[in-house]
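Keep your viewer open and select each stop as we reach it.

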Amino acid sequence: MKSKVSTLVVALILFGIGLNAQEKKDNIRINQYGQEVEAIPLHTEAQDGFIKWFSEDGNYKMWMDNRAQLDAYMFSNDALNELGNGITIRRMRFALKAEFWKNWYGEIDLDFESSGTEIKDAYLKYTADSRKWDIKAGHFKEGYGMETTTTSRYLLFMERSLASTFDPSRHLGFQTNIYANKFLFVAGVHFNTVGDAEEVTITKDANKDDGVDEGYSLTGRAVWAPINDNEKLLHIGVAATHRTPKTYWEGGAYRLSTRSHSVVNRKKFLDTDDISGVDNVFGYTFELAGKYKGVMFQGEYKEHNVNMIDGIDASFKGYYAQAAYLLLGGKHNYNTKEGEFTRITPGSDKGDIELALRYDFIDLNDFDASIYGGSAEGYSAGLNYYVNPNVKVALNYVYHNHDRFANGKGKLYVGTDASGNPTKDWSLVTESEGEAGDDYGQVSLRLEVNF
């Protein structure tokens, strides 16, 4: 009897092995390179309107993350300089994101604004089994500035504050994030950018003609959230960056410039012009943010120091403060791993409406260093309608107050001279302090789709 039972057990085991082998054989495919690969069936879902493919064991996930923003702008007609109304595609992003083999993540994100292709994100990330730290390499945003690291789809206003001019954006590099419920630490070493075609050309020419090193940057950020639960948040953060000269600096000179809350208006009132002979740039920022039920607030103070090889060092500053309230009972959500606000949870089945206010300021003047880049402040009011997880409508009003030095490197009017004629020379302006400079309002509308 024992012999028969043993024989039956062995037969069942062999049968199971055979089935397993057959199943594995059925899952084997030949790829385009003639190699055997294992095929895993994928499930497809629309998760809040975002298409996602994933394996049953959760080891493989892939999804699209696309975005289009249609913006329209109208400017007041009392500006000193002619400002043309217009409409544009602010962003048209196409992104593929994937998780594989439990710990690995990859992302490719392209932008097609103005009918040109620009690399935004292209990187590989490894996340530890503990889910408490990760490390990534490639082209991505540096960990600096709460507003700048926030994706454009979750920004409170259509354009970031004037103070974000100081923040480094996307560069090649390596970065590690260490996070818990109440803490986030970010440290990275970064190099050049490959996103902007003009800057890439300048870099290649510098390498070819002069064999110049690309330069490097060291950037770090620390966030403490002593209160962080479903309804309440208190976020305190600090970040710093040390930057050596980069080969994409045109002519080897450093320059700070920005448009005033618009890409339709192409005039750059604020511009330091080229700063030559720079040894390094050091910047730091302080962050304070929070939420309570349907209310949120966020602000940052920034200083930006340009240290010279010879001559007088220059220093600039900027800050902003903003707040918002969800009118239909929704709540703001916080991403602990990134230290920033993410998408809202609407308060009704018809979405939610958000009222937002902001004040921002930037000063690109350093009179001791003979740099007259101009200063400006912006008063902003916004109304956001979150129709559903995929559609957002934003209406913004901004009033700009530029000073007499905000003349776009001498190209823009900033007041009138003694004869009553418009002048671009700040030294000839007769208006009293606080009255000079081009001051105007603008109304803008955005239709946004994410899928």
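Start by selecting Arg93: this residue is buried, with a relative accessible area of 6%. Buried means under 20% relative accessible area, exposed over 50%, and partly exposed in between, using a 1.4 Å probe and protein chains only. The model is predicted, so local features need pLDDT of at least 70 and side-chain atom pairs count only at pLDDT 80 or more, while totals for chains, interfaces and linings use all residues. Residues are numbered from 1 along each chain as its sequence is written, and side-chain values use heavy atoms, leaving out hydrogens and water.

A salt bridge is a side-chain nitrogen of Lys or Arg within 4 Å of a carboxyl oxygen of Asp or Glu. Asp109 sits in strand β8 (residues 104-111) and Arg93 in strand β7, 16 residues apart. Strands (E, at least two residues) and helices (H or I, at least four) are DSSP runs, numbered from the N terminus. Asp109 counts as buried at 4% relative accessibility.

Next, select Arg90 and Glu159, whose side chains meet in a salt bridge (2.7 Å, N to O). Are these two residues buried or exposed? Both Arg90 and Glu159 are buried. To see their network of salt bridges, also select Asp71, Glu113 and Arg446.

For the last stop, pick Asp48 and Arg343, which meet in a salt bridge (2.4 Å, N to O). They are 295 residues apart. Asp48 is partly exposed at 41% relative accessibility, and Arg343 is partly exposed at 34%.
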